[in-house]
Amino acid sequence: MLGFSFGGLLVVFPPLTSQTFGPKNLGMNYAIVFLGYSGGAFVGPRIASYFKETTGPFTTAYISAAILTAIGIVLVGLILYMNKKKQQSQDSVN
């Protein structure tokens, strides 16, 4: 199942990057987004194995991942809110 979703996830990154940052510098912006994704893919398993070795089960790793996911969701919501507010202020000026 992971293999099927892995390809689907990567297909969504370029349009989301273009929509979020604009198409002008898509190549550079997508490279930065992909660098973050690949960095997480490199570091994440190492952190999970560290938790497994120090605490026993993967429970601590799952809880840590859930906390980081919640923080990410809050940050995305905050960015979307700020972009919407910025767009509204630009529309009212024009």
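A helix here is a DSSP run of H or I with at least four residues, and helices are numbered from the N terminus. Leu78 sits in one of these, helix α3, which covers residues 59–93. Before going on, please note that this is a predicted model.

I will stay with Leu78 for a moment. Is Leu78 buried or exposed, or partly exposed? Its relative accessible area is 44%. Buried means under 20% and exposed means over 50%, so Leu78 counts as partly exposed.

Leu78 also belongs to a nonpolar patch on the surface.

Next, the pockets. Rolling a probe the size of a water molecule over the atoms shows where empty space is left.

How much space lies in the largest pocket? The figure is about 400 Å³. Its lining is made of 13 residues, and those nearest the centre are Leu16, Thr20, Phe21, Ile79 and Leu80. Which of them gives the most? That is α1, with eight residues. By class, the lining of the largest pocket holds nine nonpolar residues, four polar ones and no charged ones.

The second largest pocket has a volume of about 220 Å³. Among the residues that line this pocket are Gly40, Val43, Gly44, Ile47 and Phe51. Ala61, Tyr62, Ser64, Ala65 and Leu68 are also included in the lining. At least two lining residues come from each of α2 (26–55) and α3. The most come from α2, which supplies six. Sorted by class, the lining of the second largest pocket has eight nonpolar and three polar residues, with no charged residue.

My last stop is Gly22, in the loop between α1 and α2. Why does Gly22 count as buried? Its relative accessible area is 19%, and the cut-off for buried is under 20%, so Gly22 falls into that class.

Where is Gly22 relative to Ser64, one of the residues lining the second largest pocket? Along the sequence, the two are 42 residues apart. In space, the distance between them is 33 Å, taken from C-alpha to C-alpha.

That is the end of the tour.

Terms used. Residues numbered from 1 in each chain as written. Predicted model: local features only at pLDDT ≥ 70, side-chain atom pairs only at ≥ 80, totals over all residues. Heavy atoms only, no water. Patch = residues over 30% accessible without salt bridge, like charges linked within 9 Å, V, L, I, M, F, W, Y side chains within 5 Å. Areas by Shrake-Rupley, 256 points an atom, 1.4 Å probe, with all protein chains shown as cover. Salt bridge = Lys/Arg side-chain N within 4 Å of Asp/Glu carboxyl O. Buried < 20%, exposed > 50% of the residue type's maximum accessible area, 1.4 Å probe, protein only. 1 Å grid on protein atoms, 1.4 Å probe; cavity = no way out; pocket = protein on both sides within 12 Å on 5 of 7 lines; lining within 4 Å. Points joined across faces, edges and corners; volume = space filled by probe spheres on them. Nonpolar A, V, L, I, M, F, W, Y, C, P; charged D, E, K, R; others polar.
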